[in-house]
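Colleague: Could we go through this structure together? I would like to understand it step by step.

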Amino acid sequence: MKEKLVVIGNGMAGMRTVEELLKIAPEKYEITVFGAEPYGNYNRILLSPVLCGDKTIDEIMLNDLQWYADNNITLHKGVKVTAIDRKTCKVTGEDGTCAEYDRLLLATGSDSFIIPVPGHELPGVVGFRDIKNVDSMLTTARTRKRAVVIGGGLLGLEAANGLIKQGMDVTVVHLMDWLMERQMDEVSGEMLKNSLEAQGMKFLMKASTQEILGDGKVEKVKFADGSEIETDMVVMAVGIRPNIELAKQIGLHCERGIVVNDTLQTFDPKIYAIGECVQHRGQCYGLVAPLFEMAKVCANHLAKYGIGIYQGSVTSTKLKVTGIDLFSAGDFMGDETTDDIIVRDATRGIYKKVVVKDDKILGAVLYGDTIDGAWYFQLMREGTSIADIRDQLMFGQAHLGNSGHGGNVVAEMSDDTEICGCNGVCKGDVVNAITTHGLFTLDEVRAHTKASSSCGSCTGLVEQILESTLGSDYESPVAKPMCACTEHNHDYVRQAIKDQKLTRITDVFEKLNWKTEDGCAACRTSLNYYLISSWPKEAYDDPQSRFINERAHANIQKDGTYSVIPRMWGGMTTPKELRAIADVAEKFELDTVHVTGGQRIGLYGVKKHELPLIWKDLNAQGLVSGHAYGKALRTVKTCVGKAWCRFGTQDSTGLGIRLEQMSWGSWMPHKFKMAASGCPRNCAEATIKDFGVVCVDSGYELHIGGNGGIKVRATDLLKRVDTEEEVLEYSAAFIQLYREQARYLERTAPWIERVGFSYVQSSLEDDAQRKELAVRFYESQEVTQSQHDPWAQRATGGVDAHEFVPLKVVAG
Amino acid sequence: MSNWVEVGSLEEIPPLGARVVKNGDTDIAVFRNTKNEVFAVNDACPHRQGQLSQGIVHDKSVTCPLHNWKIDLTTGEAMGPDEGCTGHYKTRVEDGKVFLELK
């Protein structure tokens with residue numbers, strides 16, 4: 001017999017929890033939902049566009065009635081719950097509908113707070129909370145002209161904006177000195193007011209409403225100073241109040257909201273609560289992002305998995321008013337212990353303020369140019385030190401020459417602007433997917449549109465589109481879980497592997513309560529790397545948890561053939577090697593022979609079963625795997641250096657060969673490229689490599705964190721050293737630091753930007769730490785089989801023979 | 001008319017791995033999961049014909065190596081929001097031997 005779950009509240013929080021629950025435990029409960037409103041579940045945050053006339057009610061439905069039927073959920077819509085009996089575990093609606101529960105979920109949301117001034121019950125006074133309110137405003141707007149909105153906060157301004165779009169003459173009444181005082185400081189609040197005035201909105205500031213007057217309907221609003229204003233409608237938008245009436249009635253502990261613990265459980269263990277009606281760690285939330293974080297945790301506990309706690313959310317705000325760009329997060333006011341970094345350009349209508357303490361961002365308020373809001377917010381939530389970038393912080397992320405986020409304002413892009421160059425996805429496709437499928441997260445957009453699912457360079461743009469489409473309701477999670485198979489993030493999992501000495505993927509699944517039996521393609525490949533890099537001697541390197549390229553030691557091509565790229569140490573080769581490559585190309589009829597960007601030669605169109613045969617021929621002439629297929633050391637590019645070049649200062653070729661011999665075959669979080677140039681003319685392009693050496697007359701300049709790929713990033717200068725031995729030691733230590741600390745699939749460039757260059761530099765300049773890192777790298781190189789040629793192991797050593805032959809050939 | 005063919009022993013397919021059976025011009029990918037269940041589908045992703053036999057296997061699905069489509073091995077259908085289907089075959093294991101029903 002299934003247990004019974006009753007949900008009171010058919011809004012976004014309740015239904016998100018049900019959706020999460022159906023994902024992880026679809027058969028656990030027989031589910032009944034009570035909703036006071038006579039609809040399916042709709043996207044409340046899109047009521048503003050409905051009021052503006054940009055969207056219809058149908059367009060903002062998240063779960064239509066068919067969805068409830070498809071998932072065997074009993075929906076009592078339009079039924080307000082009036083009684084709950086906690087002894088008999090029974091819920092009763094106002095129409096007499098009854099339901100029994102084993103678990104009860106309260107998701108009653110919140111109500112508009114109506115100021116109890118005389119006249120507040122007159123017809124024509126409305127809140128701004130649900131479809132009914134919007135309908136009533138739209139009806140009034142059709143026949144009447146004047147509206148007063150009480151409350152100059154987020155909600156009030158969105159309501160006022162909508163009513164202006166409907167042709168009304170709107171006055172916003174605000175008690176405080178400036179608008180949106182909970183999100184803006186005085187300067188930005190004033191700028192906002194000016195912009196809105198230019199759009200036709202009128203304001204009465206520092207105005208305290210005393211009475212609403214009228215004969216049978218609203219006619220006037222009277223203020224404390226005795227002044228009056230005539231109006232046909234009053235919209236109360238001074239705030240929301242958690243709807244806790246029912247919870248109080250049944251004796252659940254409530255303060256401002258229904259008090260819940262970190263698992264979203266109330267003081268009655270059978271009753272959970274979620275969303276705007278709850279109070280968690282003293283905090284009530286009115287934005288959608290925290291609801292979703294709560295929903296995940298709550299569903300997990302309802303499913304009785306017992307993993308995951310909700311630790312509260314950090315929220316940021318954006319206003320959904322056309323032509324207004326503002327962003328606010330955290331402590332944006334600051335105090336005497338903090339620094340404000342401010343940029344203000346009155347002509348361009350731009351104001352940016354970032355509040356900093358001890359080199360960390362505490363909060364930010366941006367007006368006019370909010371492109372970097374998400375970035376500041378991320379730095380703030382992750383507590384990243386801004387010491388290295390403080391001088392450039394205010395110019396924005398695009399100015400750092402970083403990898404990743406681009407610098408375009410997506411709001412101004414046309415719908416046919418291509419966002420994802422890999423998969424040909426335009427802005428309009430993304431916006432459409434977000435609104436029609438009700439998407440809220442990056443992963444959901446990836447699944448539906450493929451945008452940002454290949455190389456990832458457009459991730460920042462997609463996040464911006466999410467943000468501009470959903471307004472303040474989009475928020476990327478604080479620490480992203482590794483994948484849908486776990487609640488844990490990369491750093492947590494790797495630490496657990498180290499602390500608990502886990503050596504097999506199945507152990508990780510067991511100890512860290514993986515949600516899926518076998519993991520997925522994303523987490524298994526990450527875990528395999530973390531295991532073999534943390535425990536090179538002990539860990540089991542699971543071939544089935546490696547991407548095909550690393551399993552077959554060749555690069556799969558779009559037609560299912562493979563490429564073969566032998567190693568050319570330091571970009572040097574010999575007639576004998578070239579002859580061997582030519583012979584193989586002819587013998588196996590490989591038409592495409594390509595000189596790669598890394599100074600070697602690639603053979604394309606190889607059939608999988610011929611790989612071992614080709615490797616055998618190449619091995620016979622001394623050629624080994626170039627690891628061009630792996631998250632591993634790729635090439636060490638060199639110039640001919642002082643052996644030939646009239647400008648050469650050192651033996652860059654010899655150095656490149658030594659670097660490659662030291663580090664070949666090592667597995668890394670991502671591909672890793674090196675280069676050594678013989679003079680500052682830098683013909684080997686060392687300053688866009690992960691580790692680059694530029695030889696100078698007096699020694700060697702060491703550069704790190706360059707990238708010539710998706711987003712070009714020049715290296716940071718790490719150090720100048722005197723000898724080749726030092727170069728090798730620094731290189732080994734840097735590689736090992738990267739291997740131990742970067743997340744899987746993170747190149748050195750974004751890793752260095754995430755942890756800060758000065759962190760990496762100080763780690764490597766500490767003599768003891770550098771030597772220990774280098775020793776760990778040498779040990780790893782010795783004990784793993786990585787210094788053996790994987791091609792030879794398969795060509796003549798009999799390793800993984802099954803990989804290269806069919807199981808059976810059946811005559812067709 | 002059913003046409004069951006023995007294609008090899010279970011041991012020859014690595015757990016969470018796949019092998020290819022060549023049936024004339026058609027390649028069939030034969031998968032084995034951790035529960036020793038065996039599945040068989042055409043070795044071509046409905047998206048861009050990636051070889052599913054080269055993908056990463058988890059539970060009853062495989063992730064295509066080319067563009068990460070996930071295919072349900074019990075039906076050959078693409079999972080999630082993606083749409084498409086590659087043909088699938090009935091399988092059975094007897095005394096450690098794997099049989100496919102070829103059409």
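Colleague: To begin, what does the accessible surface of chain B come to?

Modeller: For chain B, the accessible surface comes to about 4700 Å², of which 43% belongs to carbon and sulfur atoms. Accessible areas come from the Shrake-Rupley method with a 1.4 Å probe, and for residues only the protein chains shown count as cover. Please note that this is a predicted model, in which local features need pLDDT of at least 70 and side-chain atom pairs count only at pLDDT 80 or more, while totals for chains, interfaces and linings use all residues. Residues are numbered from 1 along each chain as its sequence is written, chains are lettered from A and ligands numbered from 1 in the order in which they are written, and side-chain values use heavy atoms, with hydrogens and water left out.

Colleague: How many helices and strands are in chain B?

Modeller: Chain B has zero helices and ten strands (DSSP runs numbered from the N terminus: H or I of at least four residues for helices, E of at least two for strands). Its radius of gyration, taken over C-alpha atoms, is 13 Å, close to the 13 Å that the globule rule gives for 103 residues, so chain B is as compact as a globular protein of that length. The globule rule is 2.2 Å times the number of residues to the power 0.38.

Colleague: And what share of chain B is buried?

Modeller: Buried residues make up 51% of its 103 residues. Buried means under 20% relative accessible area, exposed over 50%, and partly exposed in between (1.4 Å probe, protein chains only).

Colleague: Turning to the nonpolar cores, which residues touch the most other members in the largest one?

Modeller: That core has 119 residues, and A:I31, A:I84, A:L106, A:L157, A:L163 and A:L192 touch the most other members. A nonpolar core is a set of buried Ala, Val, Leu, Ile, Met, Phe, Trp, Tyr and Cys residues joined through side-chain atoms within 4.5 Å. Helix α8 (residues 288-302) of chain A gives the most to this core, with nine residues. Apart from it lies another core, of 49 residues, including A:L531 and A:I614.

Colleague: How many disulfides does the structure hold?

Modeller: Over all chains there are zero disulfides, a disulfide being a pair of cysteine sulfur atoms within 2.5 Å. For A:C277, the nearest cysteine sulfur, that of A:C254, is 8.8 Å away.

Colleague: What about A:C523?

Modeller: The sulfur of A:C523 is 3.7 Å from the closest cysteine sulfur, in A:C483, which is too far for a bond. A:C523 is buried, with a relative accessible area of 0%.
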